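Visitor: I'd like to learn how to read a protein structure. Could you walk me through one?

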Amino acid sequence: MGRRTIAQLVLGAAVAALLIAGQAPAANAATIAERSCQAGLPDTAVCGDLTVLENRSNPASRGIELPYVVIPASTQPATGTPIITMAGGPGQSSTEVAEALAADPRIGGTRDIVVLTQRGSTESSAPLDCPAATSAYVDTFTEEESPADEMAEVGLAMKDCLTAFAEDGGDVQGYTKSETANDIIELRQTLQYPVWTLFGDSWSTKVMELVANRDSAGVDALVLDAFTPVDRDLKGDAYLALSDTLSRLSERSGGEYPDLNADLAEAAALFSDDPVHGLMTNPVTGKQRYYSLTGSDVVTIVQQALYDPATAAAVPYLLSRLADGETDAINPFIPDAMSHLTRTSLGQYWVEACRDEQPFWSADPTVPAAEGAEDTDPTPLPVLTYLTAADQICGSLGLVPAPAENRAAASIPQPTLIFASDTDPLISVGAAQSGQVTFPSNQLVVLQSGGRAGVTADACGMDQLATWLASPGTAVETTCTDGVAVYPILSGDSVHPTSRFASVVTAVDQKDLFQLTIPLIFAVFAGLWLVGWLIAVLVQILRHEPFGLMIASGIAPVTGAVFLLALWLTVSSAMIATPAFPLAGVPTIVPWLGILLGVGFLGIIPVWRLGGRGSAALAAGATLVWLAMIVWFVWVAVLPS
């Protein structure tokens, strides 16, 4: 496409529609219009809106606008076929993967990269987002009822949102993977691409599988990242993948964490028997609530922590502490889990799950009753609460399931490259392998310790992708091991456990000065004192005056500065090696750095001996500042929590 304007595309769209009439559904219904690109996209990006029918089975359905972006090949004219991609899940960034592909000169240097926003997303003209339902779901972590009972408010909020959606003219029956696949086909036809390469990511791998079946002539190859076969049981896969991921981490721990699945089961049982309480912030409303975590909440938080391979490195240590009854260890993981859960548009997710997935997935996991027991009912196990939420919501909304034939896997002959992570807590390698039969010409690349970060976050994976795209079908390496070295499992021997220090690191990242008031005052005070002391010593030397007592008065500012520098270097080094280190605690040497604070406090004594009002005021101020810093440091970094 290069730098063609949207106006040129619109002129060509009418001709294209005539040429391709009779191919994909309603191709002549789609139109495009130019729009401004969002901040942060490459300057060469071309942006527009694709207008399609909301429900193609209803000719009277309204039109909806789906934003799209074309990032032209950096070298013009483009010599490779374009790549079309889509967000990995409802509500997620639609351009993140596209920008990563375009930024790689081996890929974006010769190919246009196209990304289409999925229908129902917050970027579209008809969003299915329901903040009230998302907020109500987050608040279920503050309740102790059964997961199913906790979802009543979530279901009511979803009903209200869908009622408002219908009152605005919306037709919720138009929101399925099948309709999304037709959106992609219509975009190709309207942009006049004869053929392109499909790049699916997680949820959108199912969409791309449908596209390849329906628009085979317009597809030359497929890349499926975090591949989910279209006919899989999503709920069953999630529980299987969580178990497989913990088993894999146990294997890679060198025997330190021999059975993480058992640790999770023990932790869930402890929390269910005695729910744990504390403070959390609802990321939707920004309001603080007292959480009350049960076993199901713990399982959900742990699964979300495993999404990010960096955070996953600290999960084994977390589970070992939880299994030992140290329940406060989960505190630093809660904000990250809430962020992951609400990063997806749950309203959109639940609507699509109710139509495409939930009618076809398995029941919540249970343990069968013992043989001969009087009570023959199975015992419920802890659940992934967002899946249980879907069960309850779908039952109350009564949405019509999508036709089962949309889940039928048909053979796709185009060359296909599949990526799967062996620590993906949502889709296991086994699930991806089960779908290989659909693609006679496929290769599977396993990313070790990749979590759900995807191929664009793995250097080895990107090497295989670039090699394969240069000539689809070319043999590539089947295993990428970079993640094992990049994200080593955190060893308990290296950690002094404290759940409070993570809030300090978060405050630094977010530039939350209020949370850092005491260490900032200490740093400024010690820094200014150090500078003033150095000047005073230099003056004494130049005047040939005795400076022995003056040297002694510098013990406090010098040790204070050394303490801050040592603390910064120690924590920074630990985070470079293991980014999630602060979620578990601090390096074992950190509490010992408190000795420097103690020496500095004693070093205030010579300042009192200098005499004079100025020295007395300095000593008094230093005493208060040092005491405050000592108390703060002991609380956040020394006392186990």
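**Bridges and cores**

Guide: Let's start with a bridge: C460 and C480 are joined by a disulfide, with 2.1 Å from S to S. Keep in mind that this is a predicted model.

Visitor: Where do C460 and C480 sit in the chain?

Guide: C460 belongs to helix α18 (residues 459-470) and C480 to strand β14 (residues 479-480), so the link spans distant parts of the chain, 20 residues apart. The torsion about their S-S bond is -70°, a left-handed link, and both C460 and C480 are buried.

Visitor: What is a disulfide, in general?

Guide: It's a covalent bond between the sulfur atoms of two cysteines. This structure holds four of them. Another one joins C354 to C394, again with a stated S to S distance, 2.0 Å. C354 is in helix α15 (residues 346-357) and C394 in helix α16, so this pair ties together parts 40 residues apart in sequence.

Visitor: Is C354 buried or exposed?

Guide: Buried, because its relative accessible area is 3%, and under 20% counts as buried. C394 is buried too, at 8%.

Visitor: And how should I read a nonpolar core?

Guide: In soluble globular proteins, nonpolar side chains tend to be buried together. Here the largest nonpolar core has 121 residues, and Y137 and W350 have the most contacts inside it. Helix α16 (residues 385-397) gives the largest share, seven residues.

Visitor: Which residues does W350 touch?

Guide: Leaving out residues up to four places away in sequence, its contacts include Y137, M158, Y386 and C394. That last one is the cysteine bonded to C354.

Technical notes:
Residues numbered from 1 in each chain as written. Predicted model: local features only at pLDDT ≥ 70, side-chain atom pairs only at ≥ 80, totals over all residues. Heavy atoms only, no water. Core = buried A, V, L, I, M, F, W, Y, C linked by side-chain atoms within 4.5 Å. Buried < 20%, exposed > 50% of the residue type's maximum accessible area, 1.4 Å probe, protein only. Helix = DSSP H or I, 4+ residues; strand = E, 2+ residues; numbered from the N terminus. Contact = heavy atoms within 4.5 Å. Disulfide = S-S within 2.5 Å.
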